[in-house]
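This report walks through a structure made of several chains, moving from its elements to the places where they meet. Please keep the structure open beside the text while reading.

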Amino acid sequence: MNLPMLWIIPALPLAAVALNLLFGDRLGKRGTAFLACGAVGLAFAAAVRAVLTLAARSEEERQIVETAWTWFRVGDFSVDVSFLLDPLSAIMVLVVTGVGFLIHVYSTGYMAEDPSFRRFFLYLNLFMFAMLTLVLADNYLLMFVGWEGVGLCSYLLIGFWYEKQSATDAGKKAFIVNRIGDFGFLLGVMFLIAWTGSVNYERVFASAPHLFTAGGTIITLATLLMFVGATGKSAQIPLYVWLPDAMEGPTPVSALIHAATMVTAGVYMVVRSHVLFEMAPVTLEVIAIVGAATALMAATIGLVQNDIKRVLAYSTVSQLGYMFFACGVGAFGAGIFHVMTHAFFKALLFLGAGSVIYGMHHEQDMRKMGGLAGKMPVTHATMLIATIAIAGIPPFAGFWSKDEILAKAFATGHYGIFAAGLLGAVMTAFYMFRLYVLTFQGKPRFDENGGHAHAHAADAHGAHMTHDAHGHGAHDDHGHDHGHGGPVKESPWNMTVPLSVLAVLSVVGGWIGIGKPFIEGESWMGRWLEPVLGSGPHVHHLAVSTEFGLMGLSVAVAAFGIFMAFRAYLQSPSIATAMHERFGGLHRTLYHKYWVDEFYGAVAVNPVYQASMRLWRFWDEKVVDGIVNGVGYFLEGVSALLRLFQTGYVGTYALFITLGVLALFLHFLRS
Amino acid sequence: MAALMQNEAFQVALWAMVKVGIILGVMLGVVSYLIYAERKICGHIQARTGPNRVGPLGLLQPIADVGKLLFKEEFIPAGANKVVFHIAPILAVFPAIVTFSVIPMGPAPMFVVTDINVGLLLFLAMSSLGVYAITLGGWSSNNKYALLGGLRSSAQMISYELALGLSTIPVLLRSGTLSLSGIVDSQAGNLKAFGTTLPLPNWGIFHWYLVLPFFIFLICSFAETNRAPFDLPEAEGELVAGFHTEYSSMKWALFFLGEYMNMIVICSIMVTLYLGGWHGPGVDKFAPLGLVWFLTKLFALLFFFIWVRWTYPRLRYDQLMGFGWKVLLPASIVNVVIAAVWLYWRANA
Amino acid sequence: MIPTEWALALSAVLFVIGVVGVLVRRNALVIFMSIELMLNAANLAFVAFARQQNSLDGQIFVFFVMTVAAAEVAVGLAIIVNLFRLRETVFVDEINLLKG
Amino acid sequence: MVPYLFLGFAALLVATALMVILHRNPVTSALFLVLSFSSLAGIYLLLQAEFIGMVQIIVYAGASMVLFLFVIMYLNLQHDVEKGAQIALRRGIGWMVGALLLLFAGLLAKKGWVSGPVAALPPDTTGGNAAAIGRVLYSRFLFPFEITSILLLVAMVGAIVLAKGRPAPQGEAE
Amino acid sequence: MAQLPWLSLLVFFPLAAAILVAIMPANAHKPIRWWATIAALAEFVFSLPLWWRVIPGQAGFQFEEKLDWIPVLGAQYHLGVDGVSGLLALLTTFTTLIAILGAWTSVEKRSREFFALVLALEAGMLGTFFCLDLLLFYVFWEAMLIPMYLLIGVWGGQRRVYAAVKFFLYTMAGSVLMLVAILSLWFLQKQYSGVPTFDLQAFYQLPLAPSRQLWMFLAFAFAFAIKVPMFPLHTWLPDAHVEAPTAGSVILAAVLLKMGTYGFLRFAMPLFPNALVVCAPYIAWLAIIGIVYGALVAMVQPDLKKLVAYSSVSHMGFAMLGLMAMNAQGFAGSMMTMLNHGVSTGALFLLVGVIYERRHTRKIADFGGLWKVVPVYSVIFLVVMLSSVGLPGTNGFIGEFLVLLGAFKHSVPWAAVAATGVILSACYMLWMFQRVVFGPVTHEENRKLTDLSFRERLVFAPLLLLIFWMGVAPQPFLDRMQPTLDRVLQMTNDRAQMMTASDAAATAPLASRLQAAPAVNAAPAEQGGAR
């Protein structure tokens with residue numbers, strides 16, 4: 001069959017959603033799980049098939065467009081619901097469906113005890129649909145559908161445990177912050193429509209060079225606005241604040257949405273629009289700086305967080321920063337490469353963390369873990385692989401992509417950004433191994449027989465919050481009883497298998513991007529992406545020695561970070577405590593995430609709320625209604641005067657009538 | 001003076017004056033002897049002889065009565081409204097006299113004071129004014145019997161006036177004029193019906209659709225004139241003579257006069273409307289014969305009035321009102337409709 | 001022939017008398033009568049104009065006015081009777097329930 | 001002759017009308033009103049409106065005023081008490097306003113309000129005024145004429161309902 | 001069928017039904033609501049042909065009916081339908097059906113009068129949409145007020161009388177001015193053509209000096225702006241909505257507010273194009289202020305209905321902004337927003353009504369954790385809320401996007417500021433949703449809440465269907481409205497040019513500003529920046 005049937009890829013999860021919605025209550029947990037995973041698995045298969053079809057074509061024809069129907073058409077402006085598969089979206093679609101499938105499988109284990117099991121998979125499938133729409137869309141508006149759709153699912157999934165105030169707060173925050181980004185994105189797209197008259201990628205990119213002057217105001221403005229959208233979705237400064245809070249959601253969600261797929265949508269969008277961005281050097285500069293700053297800042301915060309998921313969240317923010325500054329320096333391919341590798345190892349990290357949390361009966365504070373290596377061997381092994389991968393040790397996946405980014409930054413002369421990247425890499429290695437050490441090494445800092453849970457449940461996270469708030473009375477709603485008494489043990493197979501698969505990917509996933517110094521010509525990845533990205537602005541070709549030097553440098557800094565982590569947290573924990581005390585102010589600042597949330601609250605949220613209140617209470621009820629009622633009161637006053645004429649005596653009225661006649665007579669007499 | 005005599009308007013006025021004078025004089029005489037006749041007839045009905053002391057057959061009795069009344073003491077009750085008390089009796093006579101001016105007692109213009117073209121309306125107008133005398137008389141006397149009598153009377157008269165008025169409508173429909181002379185003229189000749197000329201005069205009464213109106217009119221006339229069996233305003237037995245309880249002397253006489261005058265007027269109207277007026281054999285040859293015919297018919301009716309008075313008992317008040325509103329009024333309305341339809345159909349046939 | 005002006009002048013005088021009656025008297029009945037006077041003044045003007053205009057329309061109008069007046073009298077008097085029952089007075093200056 | 005009659009009737013009319021509003025006793029007022037209506041009927045006759053004249057008497061003098069008298073008698077009204085500064089003031093204002101009205105009307109009349117065009121065709125008065133009116137009334141004005149019957153019906157119902165009064169609720173003092 | 005006075009039947013059938021319902025025995029609640037529902041359903045089915053019989057490709061009026069009404073004035077009973085009014089009429093019949101069905105159990109007192117009034121209101125609304133005669137329009141416009149006034153005043157909440165009077169007087173104040181403008185148009189028309197007429201199509205041909213248009217436009221605009229309602233004439237809306245019974249709110253939001261924008265589209269804009277050009281920026285900015293302001297104020301409302309009411313202010317601001325953009329996208333967006341708002345806000349009011357019926361409170365603080373108790377309700381609430389927020393894939397997005405696009409083409413600042421409304425709408429809606437539906441059950445009373453009944457699900461099912469249909473495949477809707485919108489646009493532009501040309505005093509740039517959307521190479525930023 002020659003038709004790749006792209007539409008079926010997003011349609012499969014959607015069908016699962018519909019089936020789940022209609023018949024979910026009759027399926028049972030098994031059925032639901034089977035339906036959800038099956039749909040995504042099939043989607044993955046369909047995606048593989050489609051990509052194979054694509055790959056079979058010659059390089060010039062590597063583009064499949066399928067139009068389903070015209071979404072809407074107004075005047076000369078028309079939008080189609082149509083899908084595009086090209087090398088770029090192929091990578092994304094494979095990552096999304098592949099990682100998504102694994103995480104679905106994992107979730108069947110992780111969420112097994114949750115009473116809202118069905119709802120979870122419903123959301124998850126919906127998310128898959130939205131994400132695939134985003135990735136496969138062939139125009140900005142359809143992409144926006146997915147864009148907002150994933151935001152919605154993110155909102156729903158973060159607030160999955162809706163009875164928990166912090167979870168719903170976080171969901172709301174995620175959605176609203178994303179909306180701020182979307183606002184920019186939408187305006188950016190409107191610039192494109194206003195000038196090119198279309199939202200179709202191909203047409204926009206084709207006409208852009210003729211319509212815009214490179215580096216001109218319009219294109220800069222448009223791309224900057226689109227980048228605002230990307231910062232919202234991909235958690236960059238200044239809109240990154242939602243991502244750490246998003247950890248309130250179930251851990252598989254964090255893995256899927258807030259690590260592997262959704263958050264990379266911004267990067268994908270930027271890469272997708274590279275034609276436009278390349279025309280706006282100022283924007284690229286801004287992206288590079290923002291990316292680097294985010295990478296650094298998030299890394300610093302990640303250094304001191306104690307919640308295992310929060311550390312990972314900041315690490316995600318930081319890694320996303322890397323991807324952006326890759327784009328900023330023009331290394332779009334490197335950015336996408338990092339998106340892919342990051343998807344593998346970060347998903348693995350999150351799933352591993354989930355496994356740990358699961359094993360620890362919903363304990364997320366790393367200070368209360370330790371020594372889990374023996375108790376959870378598979379989790380430990382896979383986590384270690386992922387940690388090494390993210391730290392940037394060859395030949396693990398993370399090394400290749402991160403190194404390519406740094407090399408590109410160096411090659412294009414962004415030395416400041418390169419330096420920031422290196423610094424970030426040190427910190428990354430440090431905090432990731434801090435996490436590893438605190439969790440798996442050392443002595444267990446918990447009651448090994450499982451009596452720990454309640455002692456510190458107050459600051460524990462996860463679904464227990466509700467339980468504690470309600471006491472044991474409401475316990476039966478949630479099925480987490482298993483967690484309170486049993487010892488720490490390895491997770492079931494449906495959780496460990498995905499971990500293992502991802503671990504393999506975290507090792508080998510980077511190899512497709514092995515380029516210059518090792519092989520001749522472009523890397524496989526680069527060649528694959530060439531139809532989309534072009535040969536890229538390879539202005540500065542680095543010497544092989546420089547390349548190796550850079551690699552060595554990055555390996556060295558990573559190793560330094562790892563060493564420091566082991567030293568401070570395993571060998572002599574006093575160092576860590578001493579550091580905390582030594583730099584108390586700094587530590588507090590970092591621990592409180594630079595007080596950015598508080599800053600936003602004080603600068604934006606609260607004033608808006610207060611102003612709204614005032615608008616309502618003062619402007620609406622006093623001024624406008626005051627005028628309205630004032631008219632009424634005025635008329636009442638006039639009436640009160642006129643009342644005096646209404647004596648109630650007929651005679652008076654008669655007199656007035658007569659006087660009126662007299663007046664009329666006078667009028668006629670005068671005329 | 002001669003010039004004045006030449007003035008046509010003056011001549012008309014003069015003639016009118018003369019006629020009015022004659023009629024007034026004759027009227028007063030007729031009324032006096034009507035009273036006499038009433039007493040006489042009443043006597044005979046009751047197997048008495050009636051007045052027979054003053055003059056031959058008691059023929060001077062009316063003159064004696066007038067004399068007595070003229071010299072009787074005027075009595076005005078305390079608390080009476082004097083002005084109204086004085087006016088009321090005059091009002092009793094006034095409408096009757098005015099109505100006379102339009103009644104054709106013979107061929108116009110000789111035997112009619114003024115032949116206005118809304119004569120029938122004038123009659124209705126005047127008869128409606130008749131209420132005042134009784135109402136005011138009863139009210140101004142400051143006597144509850146009088147007041148009750150007055151109120152009864154006015155209610156009765158107003159009620160029956162409706163049926164009375166409505167019963168004249170078929171006549172008008174037939175004659176097509178409001179002028180009484182015109183109405184009389186329309187009754188000239190012989191009755192034509194069934195395609196032939198019948199040996200009957202062409203009087204209203206002989207047209208089938210005027211029979212019922214005639215009787216309604218007749219009944220209403222009793223009520224209008226406060227005569228038995230509708231003499232409730234006076235009702236000696238219960239109201240001590242009703243509205244004129246407090247009246248005496250000449251004022252009482254005026255009420256009395258008014259009543260009889262009204263009787264004459266209404267009978268004249270009846271003659272005019274239904275009984276062919278002054279028409280009768282030989283009138284076309286000798287006009288004054290019309291007067292004779294007219295008076296003959298009139299006196300026959302008057303006799304009938306007196307006859308009825310002494311034959312029937314008085315009705316109860318609610319019976320009176322019920323009869324007026326529930327029988328006579330609907331009947332006369334129905335009759336109007338029937339007559340209208342019939343006349344319209346015949347005119348277009 | 002009577003000049004129309006005469007009739008109109010008479011009508012005006014009659015109307016003014018009615019107006020003055022309404023203004024001066026306090027007895028509702030008399031006020032009512034004064035109103036009737038005014039209506040009649042209008043009627044007089046109608047009739048006068050009808051004659052001047054050689055048209056019957058004015059008289060027809062008088063006819064209608066009379067109908068209205070008759071209805072008005074019936075209802076008005078009923079109201080006054082009711083009023084008297086309620087307030088024991090027919091003096092309009094003792095009745096001001098509608099005072100604003 | 002006719003003008004003199006007119007003047008006579010007019011004088012009577014004005015005099016009786018004045019008496020209506022001057023006399024303290026409502027009954028007397030009513031009687032004067034009857035008189036003034038009657039004189040007005042006379043004027044109508046002089047103005048060649050015989051039908052209207054008669055109807056004037058039937059309707060006003062014969063029906064309306066009787067009703068007035070009934071009511072006055074029913075309410076048993078005596079002389080109006082009309083004393084006090086307020087009434088004097090009212091009287092002053094009333095007469096002044098009346099005088100002004102008359103003055104203005106006179107002034108207006110001077111400006112030639114009265115004259116107007118005369119209809120081209122005089123109405124068909126065969127059969128007299130009443131017949132002529134009948135012809136117009138039942139052709140051109142048939143609809144309004146029929147409407148007046150509804151008006152009268154409504155007035156009748158209204159008057160009955162109003163005059164009948166509500167049955168006094170038990171235990172409530174009159 | 002061709003000769004059948006279909007539109008008249010559509011207008012007067014509900015009225016007849018209302019009369020029939022009104023003469024039913026007062027305490028026969030069950031038959032009353034059954035018959036009312038059947039009547040509304042019949043009317044809806046009867047109006048369905050509007051969807052396919054109003055030929056999509058045809059711009060002009062169809063199914064015209066013309067009868068003399070007041071020949072002396074030239075007023076006619078003139079009905080007709082085109083794409084715009086057809087869609088709005090469908091929305092009307094649909095909403096009425098939904099509202100009646102939704103009010104089944106909530107109206108306990110005087111149900112007979114209630115349903116009769118709702119049906120009468122439907123007749124008034126349909127008449128307003130169909131009539132093509134200005135005097136008739138005015139009559140229907142005012143006639144609509146009365147049932148609504150009574151619905152609020154009799155079946156409302158605590159301050160119903162205040163709200164009803166406010167609603168009535170506000171609207172009256174505007175419409176009186178409109179009447180004056182209509183009359184002056186009539187006089188001008190008589191002067192111009194010698195034939196007195198109130199016919200709208202005749203007025204479309206009437207040239208008006210630009211200098212003369214301004215006050216007439218303002219009079220019309222004032223009336224319509226109150227109805228829309230535009231900031232700052234919106235304060236009747238929260239009160240009316242809060243006090244009105246659920247069905248009243250639904251109809252008020254879904255249809256009555258559309259009268260304002262419809263009035264602009266049909267009357268104020270094509271009749272007075274030059275004045276429009278002068279006023280458009282101001283109106284647009286007012287609309288933008290309304291968008292932001294409504295959203296901000298909605299955010300702090302403690303009362304659910306008030307929140308939705310203020311969100312209406314915000315959404316209708318979008319509709320107005322789209323009209324003022326004066327281009328195809330803006331118009332279509334505005335029209336879509338009208339329909340969307342009808343569906344979404346109507347549904348929101350129904351949802352509020354559902355819980356109000358159960359709990360007799362509308363305070364947000366009195367709820368919380370509803371998801372646990374009434375999951376089906378909550379899911380529907382979620383979908384409707386997202387539609388109101390304008391999530392792509394639901395109906396809300398299409399309208400908002402097109403409006404913003406239209407506005408953007410006209411002036412970038414317009415779109416930029418208005419787009420913040422998108423953010424703010426998410427803020428207030430999500431926050432409200434969080435407080436109502438999420439969280440633990442904080443009030444014991446809420447534990448006993450029952451989920452949607454079959455009837456209620458029946459009410460919401462078509463609404464949800466519409467939400468997705470209009471979001472995913474809005475083209476059928478757009479196809480139906482666009483020829484008409486194009487015609488209005490064309491007419492407005494043509495008239496503006498014609499009259500500018502005829503009026504030497506007018507300045508030329510006015511008309512040129514009305515040219516269609518900017519060409520590809522033109523710089524909208526400069527154009528917009530000028531304002």
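The model is a predicted one.

## The helices of chain D

Chain D has 6 helices and 0 strands, and its elements, read from the N terminus on, run α-α-α-α-α-α. Of the 174 residues in chain D, 37% are buried. If one takes the contacts in chain D between residues at least 6 apart in sequence, 54% of them join residues at least 24 apart.

## Which chains touch

There are 5 pairs of chains that touch, and among these pairs the most contacts are between chains C and D. Chain A also meets chain C, with 10 residues of chain A in contact with 10 residues of chain C. On the side of chain A that touches chain C, the element that gives the most is helix 26 (residues 650-670) of chain A, with 5 residues. Sorted by class, that side of chain A has 4 nonpolar, 5 polar and 1 charged residues.

Other pairs of chains remain apart. Chain A and chain B do not touch, and their nearest C-alpha atoms are 29 Å apart, while chain B and chain C, which no contact joins, have their closest C-alpha atoms 13 Å apart.

Two packed helices are described by the angle between their axes and the distance between the axes. Helix 4 (residues 140-158) of chain A packs with helix 5 of chain A at an angle of about 170 degrees, and their axes are 8 Å apart. Because angles over 145 degrees count as roughly antiparallel, helix 4 of chain A is roughly antiparallel to helix 5 of chain A. The residues of this contact divide into 14 nonpolar, 4 polar and 2 charged. Among the residues that meet are A:W147, A:G151 and A:Y155 in helix 4 of chain A and A:A174, A:F175 and A:N178 in helix 5 of chain A.

A:F175 lies in helix 5 (residues 165-196) of chain A. Is A:F175 buried or exposed? A:F175 counts as buried because it has 26 C-beta neighbours inside 10 Å, and the cut-off for a buried residue is 20 or more. Leaving aside residues up to four places away in sequence, A:F175 touches A:G151, A:Y155, E:A426 and E:L430. The C-alpha atom of A:F175 is separated by 43 Å from that of A:S572, a residue 397 residues apart from it along the chain.

## A helix pair in chain E

Helix 1 (residues 6-22) of chain E and helix 2 (residues 29-47) of chain E pack at an angle of about 175 degrees, with their axes 10 Å apart. That angle makes helix 1 of chain E roughly antiparallel to helix 2 of chain E. The residues that make the contact include E:L10, E:F13 and E:P14 of helix 1 of chain E and E:I32, E:W35 and E:A36 of helix 2 of chain E. By class, this contact of helix 1 of chain E with helix 2 of chain E has 10 nonpolar, 1 polar and 1 charged residues.

## Hairpins in chains A and E

In chain A, strand 1 (residues 64-74) and strand 2 pair in the antiparallel sense over 9 bridges, and A:F72 has A:V79 in strand 2 of chain A as its bridge partner. The two strands form a hairpin with 2 residues between them, and A:G75 in the turn has a positive phi of about 60 degrees. Strand 2 (residues 77-85) of chain A is mostly covered, with 8 of its 9 residues buried.

In chain E, strand 1 (residues 62-70) and strand 2 (residues 75-81) pair in the antiparallel sense over 6 bridges, and E:D68 has E:Q76 in strand 2 of chain E as its bridge partner. The hairpin of these strands of chain E has 4 residues between the strands, and E:G74 takes a positive phi near 75 degrees.

Definitions and conventions: Residues are numbered from 1 along each chain as its sequence is written. Chains are lettered from A and ligands numbered from 1 in the order in which they are written. This is a predicted model: local features need pLDDT of at least 70, side-chain atom pairs count only at pLDDT 80 or more; totals for chains, interfaces and linings use all residues. A residue is buried if 20 or more other C-beta atoms lie within 10 Å of its own, exposed if 12 or fewer, and partly exposed in between; C-beta atoms are placed from the backbone. Two residues are in contact if their C-beta atoms, placed from the backbone, lie within 7 Å. Two strands pair if DSSP finds at least two bridges between them. Ala, Val, Leu, Ile, Met, Phe, Trp, Tyr, Cys and Pro count as nonpolar, Asp, Glu, Lys and Arg as charged, and the others, Gly among them, as polar. Axes are lines fitted to C-alpha atoms, for helices over the stretch in contact, and angles run from 0 to 180 degrees between N-to-C directions. Angles under 35 degrees count as roughly parallel, over 145 as roughly antiparallel, 65 to 115 as roughly perpendicular and the rest as oblique.
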